[in-house]
Amino acid sequence: MPASSSASTSSSAPSAISSAVPPVLAEVVRSGFVEGRHRGSLVVLGADGAVELALGDVTAPVFPRSANKPMQAAGVLRAGLDLDGERLALAAASHSGEAFHRDLVQKMLAEYGLDPALLQCPPDLPLDPVERDGYLAAGEVADRVTMNCSGKHTAMLAVCAQRGWPLETYLDPGHPLQRLIHRVVEEAAGEPVAAVGTDGCGAPLMAISLVGLARAFRSFAGAEPGSAERRVADAMRAHPEYVAGTRRPDTWLMREVPGALSKMGAEAVQAVALPDGRALAFKVDDGATRALGPVLARALTLMGVDAPVVERIGHAPLLGGGREVGEIRAAF
């Protein structure tokens, strides 16, 4: 598909440059030799919401995957579920499957009188590799509660039980809850949903553009206090370890850059909003999550974010014989 690549260092509108293929966002460098490249598209919005930087086709629809979760959590609140704090952060999470994640999912299920068997996310192991090793060593097996989307599914089931909506079909795109979430996504993105698919956890997945995704995060970060959107953003920023985990870049960024709202998605999608109204969103076309950190760090640097966590997020070494011999680095 034809894609455009443009960049601007001023406040003027970026110019569009036609390209046959998406631009290279990251390079894989081993022993000084570029052995691979990750292409994709990236957009940065200024404080006024205007596009300040566009690489690739940022208006084409993509599946944001779990970067849609803040909007899904806002839909649950709009449907009437009263969540806050760690519970609301977990409803917007791709959690690592650490013990405190699993414990809170179990507590929430019990609080709403829900049997874990009602969860329709697939059984899985902890997302975090360190946690996974310990989990397996303890003799545990794949479980629905452990799956990284279990907090979202628990919140969806809870509001359906509260509203008297069908539990067995809560993931059907035509279900009242999913229709409401569809509207929330469109409102936040400022554009129609281009397609509806099925996410890895089984939930409906709404396609929007990268511009729309960045716009959605910007709208959540700056929403009116007390609104569903602002409540989700505030819970995520106050309890980022419940959104991701103790060893995850989303957690680091929200902990160390005050007011930042950050969420990654599968297939190498990332969205971030800053408290001054700026926002970014990108997708690496081949889905390589190893490119997420370097691309995110470079984009944040271009936005003027000056914090030690940026370097930490961007550090992506390549090993050879057990020692560092190269890196994955941003190429823009």
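Helix 11 supplies the largest share of the lining of the largest pocket, four residues. The structure is a predicted model, in which local features need pLDDT of at least 70 and side-chain atom pairs count only at pLDDT 80 or more, while totals for chains, interfaces and linings use all residues. Residues are numbered from 1 along each chain as its sequence is written, and side-chain values use heavy atoms, with hydrogens and water left out. Helices (H or I, at least four residues) and strands (E, at least two) are DSSP runs, numbered from the N terminus.

**The largest pocket**

- The volume of the largest pocket is about 890 Å³. A pocket is found on a 1 Å grid over the protein atoms alone, as an open set of points where a 1.4 Å probe fits, with protein on both sides within 12 Å along at least five of seven lines; lining residues have an atom within 4 Å of a point. Points are joined across faces, edges and corners, and the volume is the space filled by probe spheres set on them.
- The lining has 39 residues, and R248, P249, M264, T289 and L292 are the closest to the pocket centre.
- At least two lining residues come from each of helix 4 (129-137), helix 10 (249-256), strand 9 (261-265), helix 11 (292-302) and helix 12 (308-314).
- By type, the lining divides into 19 nonpolar, ten polar and ten charged residues. Here Ala, Val, Leu, Ile, Met, Phe, Trp, Tyr, Cys and Pro count as nonpolar, Asp, Glu, Lys and Arg as charged, and the others, Gly among them, as polar.

- Strand 9 and strand 10 run antiparallel and are joined by five bridges; two strands pair if DSSP finds at least two bridges between them.
- G265 stands opposite V269 in strand 10. Three residues lie between the two strands of this hairpin, where E267 takes a positive phi near 60°.
- Strand 10 is also joined by five bridges to strand 11 (residues 279-284), again antiparallel, and V272 stands opposite L280 in strand 11.
- The hairpin of strand 10 and strand 11 has five residues between the strands, and G277 in its turn has a positive phi of about 100°.
- Five of the five residues of strand 10 (269-273) are buried, meaning under 20% relative accessible area, with exposed over 50% and partly exposed in between (1.4 Å probe, protein chains only).
- V269, A271 and A273 cover one side of strand 10, and Q270 and V272 the other. In a regular strand the side chains alternate between the two faces of the sheet.

**The sheet of strands 6, 8 and 7**

- Three strands make an open antiparallel sheet in the order 6-8-7. Strand 6 (61-62) and strand 7 (195-198) are its edge strands, each pairing on one side only.
- Strand 7 is joined to strand 8 (residues 204-209) by four bridges, and G197 has L205 as its bridge partner in strand 8.
- A60 lies in the loop between strand 5 (51-55) and strand 6. A60 counts as buried because its relative accessibility is 14%.

**Helix 1**

- Helix 1 (residues 69-78) is largely enclosed by the rest of the structure, because nine of its ten residues are buried.
- The buried residues of helix 1 include K69, P70, M71 and Q72.
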